[in-house]
Amino acid sequence: MANNSPLLRDDLPGLERVSHVTPKEFHHEFVLKGKPVIITEFARNWPALGKWTPEFFSTRYGHLSKDVKGVEYTVAEQMELIKSSTVEKPAPYSYNLNIDHVFPELTADVKPFLLGSSDRFANPFWPHRLFSSAIKQEVFFGGKGASFPVLHVDLRHLHTQITQLYGDKEFFLFAPDQTPYMYPRPEYPLYSGVDDVFAPDLERFPLFAKASGHRDILKEGETIFFPTGWWHMTSIPGPSISYGRALLEKSNWPGFLKDTHIEWRKKSPVLATPALLLGKLAGGVMRLRE
Ligand SMILES: [Fe+2]
């Protein structure tokens with residue numbers, strides 16, 4: 001493998017790690033400062049840890065199915081595939097399921113929330129219907145060699161939390177100030193245009209060599225947080241089950257509302273402006289509970 005990739009540098013630093021953090025400290029030190037962090041003990045007492053295993057999903061939800069690149073796989077098939085996955089023959093990825101649609105009862109297994117009372121997705125006044133297209137929480141099933149090999153920024157100005165519930169996962173992160181080296185795609189600027197991040201064509205993407213990021217392994221039980229605007233991708237060393245949670249609070253609310261308004265305008269130009277006004281009203285109401 002070529003070693004000219006900024007993801008394979010020997011001196012790539014890891015992330016800041018803390019064992020515990022209160023919602024107030026988390027908001028002040030990491031969300032508002034725009035800093036990623038790994039919180040090693042945050043999820044240690046979650047019911048999901050030790051429960052969300054391949055066997056659990058296979059037994060309880062094995063009949064459900066999902067399309068990955070045009071092929072339908074049941075959860076039971078995917079659980080077998082992640083166990084036998086290899087670099088040469090990786091399990092289908094991204095195999096992710098929206099928890100609120102598919103198994104909302106599992107939400108009880110992934111509490112408490114990192115943001116506490118400032119978490120707008122958990123606010124009692126969160127307007128579900130207005131933002132029905134926003135995905136709040138997902139579970140990802142992956143195996144050795146499986147990855148989504150494109151550096152990208154998550155949608156709608158959402159911050160991201162990933163908690164590793166089974167196996168480990170490797171993360172590569174680049175701060176928003178590295179965007180000039182990422183070659184954002186003209187048609188979809190949240191995705192990097194770099195062809196192969198582990199063996200890039202530096203004649204086509206010379207600035208990518210200047211990118212300076214972080215690499216860290218999220219171990220079973222640990223939680224990673226990265227703020228909106230951070231470029232990221234993962235690589236999976238073995239069977240892996242991850243819980244992904246979008247985080248929305250007052251600092252990324254204006255960006256979320258603006259991006260959602262753009263989507264509304266595409267779907268229904270007539271309803272987009274009233275929906276935006278309702279969204280702004282909902283933001284004011286939710287603030288009363290924060
Ligand atoms: Fe992402």
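The model is predicted: local features need pLDDT of at least 70, side-chain atom pairs count only at pLDDT 80 or more, and totals for chains, interfaces and linings use all residues. Residues are numbered from 1 along each chain as its sequence is written, and side-chain values use heavy atoms, with hydrogens and water left out.

**Iron site**

His152 (NE2), Asp154 (OD) and His232 (NE2) coordinate the iron ion at 2.2 Å. Donors are N, O and S atoms within 2.8 Å of the metal (3.2 Å for Na, K and Ca); water is not among the atoms, so sites may look incomplete. The donor spacing in sequence is H-x1-D-x77-H. The pair links distant parts of the chain, 80 residues apart: His152 sits in the loop between strand 6 (137-142) and strand 7 (159-166), His232 in strand 13 (residues 231-235). Helices (H or I, at least four residues) and strands (E, at least two) are DSSP runs, numbered from the N terminus.

Six of the six residues of strand 8 (residues 169-174) are buried, so the strand is largely enclosed by the rest of the structure. Lys169, Phe171 and Leu173 point one way, while Glu170, Phe172 and Phe174 point the other. In a regular strand the side chains alternate between the two faces of the sheet. Two strands pair if DSSP finds at least two bridges between them.

| Strands | Bridges | Bridge partners |
|---|---|---|
| Strand 8 and strand 11 (residues 214-218) | five | Phe172 and Arg215 |
| Strand 8 and strand 13 | five | Glu170 and Ser235 |
| Strand 7 and strand 12 (residues 223-226) | four | Thr163 and Thr223 |

Seven strands form an open sheet with the order 1-2-12-7-14-6-5 and mixed pairing. Strand 1 (17-18) and strand 5 (95-98) are the edges, each pairing on one side only. Helix 1 (residues 23-31) packs on the sheet. Its contacts (heavy atoms within 4.5 Å) are with strand 1, strand 2 (37-39), strand 7, strand 12 and strand 14 (240-247).

**Cavity**

Which residues line the largest cavity? Among them are Val153, Leu158, Phe226 and Trp230, along with Asp154 and His232. Lining residues have an atom within 4 Å of a point on a 1 Å grid over the protein atoms alone, and a cavity is a set of points where a 1.4 Å probe fits but cannot get out.

Definitions and conventions. Axes fitted to C-alpha atoms, helices over the stretch in contact; angles between N-to-C directions. 1 Å grid on protein atoms, 1.4 Å probe; cavity = no way out; pocket = protein on both sides within 12 Å on 5 of 7 lines; lining within 4 Å. Buried < 20%, exposed > 50% of the residue type's maximum accessible area, 1.4 Å probe, protein only.
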